[in-house]
Amino acid sequence: MLIDLLRNLFSGGSVDLMSVISQIFATLFIIFCILPLHEFAHGWAAGKLGDHTAKYSGRLTLNPLASFDPIGSLFLLLFGFGWAKPVPVDSRYFKNPKRDMALTAVAGPLANFLAAWAGGLIYFGLIFVGKVAMPSFLYIFFSAYININVALAVFNLLPIPPLDGSKILGAFLSSRALYNYYRYQNIIVMVAFVVLFSGMLDGPIWALVNLGMNGVEWLSLLPYRLFGLV
């Protein structure tokens, strides 16, 4: 994201201003529209499973101000990954706490994948139905929008506390293993982020992001293929 553009600029490389503006607009759209959707999905899923904490605390909303986190938003602009203010979830209201917490957790990344798919549908709809000659601004906007959503989904699925993936993993651990997992979560987090920022996992993570991107593109093109528009 912007950190890469700044590095390129300081190293003497050229910067495409249109590309920068398009990516910033895509990122701001995600901050104010999609991150609230991600958190809403958590709260909605929790409510369906018996926990209405998000609703009673006023967090079952798409209002971006309710979910806005300045540090998470800044990280998204700079590094391409970030977060919103998490909705409160109380597993004591779940009938099956481990399973229902995992289902609540997976709802967030699923919302990002669905948002990416919706972006793909609109993008290809403009091309194949609207017969729009795609301006570079829109092309970069949709590319960044889809890429960031998929990257956020993949990042959140990593089994690192407090990411959603840690709660999904919890459904497959024994009670004792889960206790130890959260007992040592601070150590796990430190080790995991050292590994992440060392770049050791860049290859596998970006392979998963590319796989997700290919999946979103295939699903986005599918209805147009079915109607013979492609």
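Where is the place of P86? In this predicted model, P86 sits in the loop between helix 5 (70-79) and helix 6. P86 counts as exposed, at 58% relative accessibility. Beyond its neighbours within four places in sequence, P86 is in contact with E39 and R59. H38 is 48 residues away from P86 along the chain. Their C-alpha atoms are separated by 9.3 Å.

The overall fold was examined next. The protein chain holds eleven helices and zero strands. Read from the N terminus, its elements run α-α-α-α-α-α-α-α-α-α-α. The C-alpha trace spans about 55 × 45 × 30 Å along its principal axes. The radius of gyration is 19 Å. For 230 residues, a compact globule would have a value near 17 Å, so the chain agrees with that expectation. Residues 24 or more positions apart account for 71% of them.

Of the 230 residues, 40% count as buried. The chain exposes about 12800 Å². Carbon and sulfur atoms supply 71% of that area.

In soluble globular proteins, nonpolar side chains tend to be buried together. In this model, the largest nonpolar core has 35 residues. I30, L35, L76, Y145, V150 and L158 touch the most other members. Several elements give two or more residues to this core: helix 2 (17-48), helix 5, helix 6, helix 7 (136-156), helix 10 (185-198) and helix 11. Helix 7 provides the largest share, with eleven residues.

A45 counts as buried because its relative accessibility is 9%, under the 20% limit. Leaving aside neighbours within four places in sequence, A45 is in contact with L103, T104 and A107. V106 lies 61 residues from A45 in sequence. In space, A45 and V106 are 9.1 Å apart, C-alpha to C-alpha. L28 also has its place in helix 2. L28 is partly exposed, with a relative accessible area of 33%. From L28 to V189 the separation is 161 residues in sequence. The C-alpha atoms of L28 and V189 are 28 Å apart in space.

Nonpolar side chains were also grouped on the surface. A nonpolar patch there is formed by L110, L114, W117, W218 and L219. Together these residues have about 510 Å² of accessible area. Helix 6 (97-128) and helix 11 (202-226) each give two or more residues to the patch. Helix 6 contributes the largest share, three residues. L219 belongs to helix 11. Its relative accessible area is 41%, so L219 is partly exposed.

Charged pairs were then considered. Side chains of opposite charge can pair when their charged atoms come close. A search of the whole structure finds two salt bridges. One of them joins R92 and D90. The closest N and O atoms of R92 and D90 are 2.7 Å apart. R92 is exposed, at 69% relative accessible area, whereas D90 counts as buried at 17%. A further salt bridge links D100 with R99. Here the closest N and O atoms are 2.8 Å apart. D100 counts as buried, with 1% relative accessibility. R99 is partly exposed, with a relative accessible area of 43%.

The peptide bond from P161 to P162 is cis. Its omega is near 5°. P162 lies in the loop between helix 7 and helix 8 (164-170).

Technical notes:
Residues are numbered from 1 along each chain as its sequence is written. This is a predicted model: local features need pLDDT of at least 70, side-chain atom pairs count only at pLDDT 80 or more; totals for chains, interfaces and linings use all residues. Side-chain values use heavy atoms; hydrogens and water are left out. Patches are made of residues with over 30% relative accessible area and no salt bridge: like charges are joined within 9 Å, nonpolar side chains (Val, Leu, Ile, Met, Phe, Trp, Tyr) within 5 Å. Accessible areas come from the Shrake-Rupley method with a 1.4 Å probe; for residues, only the protein chains shown count as cover. A salt bridge is a side-chain nitrogen of Lys or Arg within 4 Å of a carboxyl oxygen of Asp or Glu. Helices (H or I, at least four residues) and strands (E, at least two) are DSSP runs, numbered from the N terminus. Buried means under 20% relative accessible area, exposed over 50%, partly exposed in between (1.4 Å probe, protein chains only). The radius of gyration is taken over C-alpha atoms; the globule rule is 2.2 Å times the number of residues to the power 0.38. Contact means heavy atoms within 4.5 Å. A nonpolar core is a set of buried Ala, Val, Leu, Ile, Met, Phe, Trp, Tyr and Cys residues joined through side-chain atoms within 4.5 Å.
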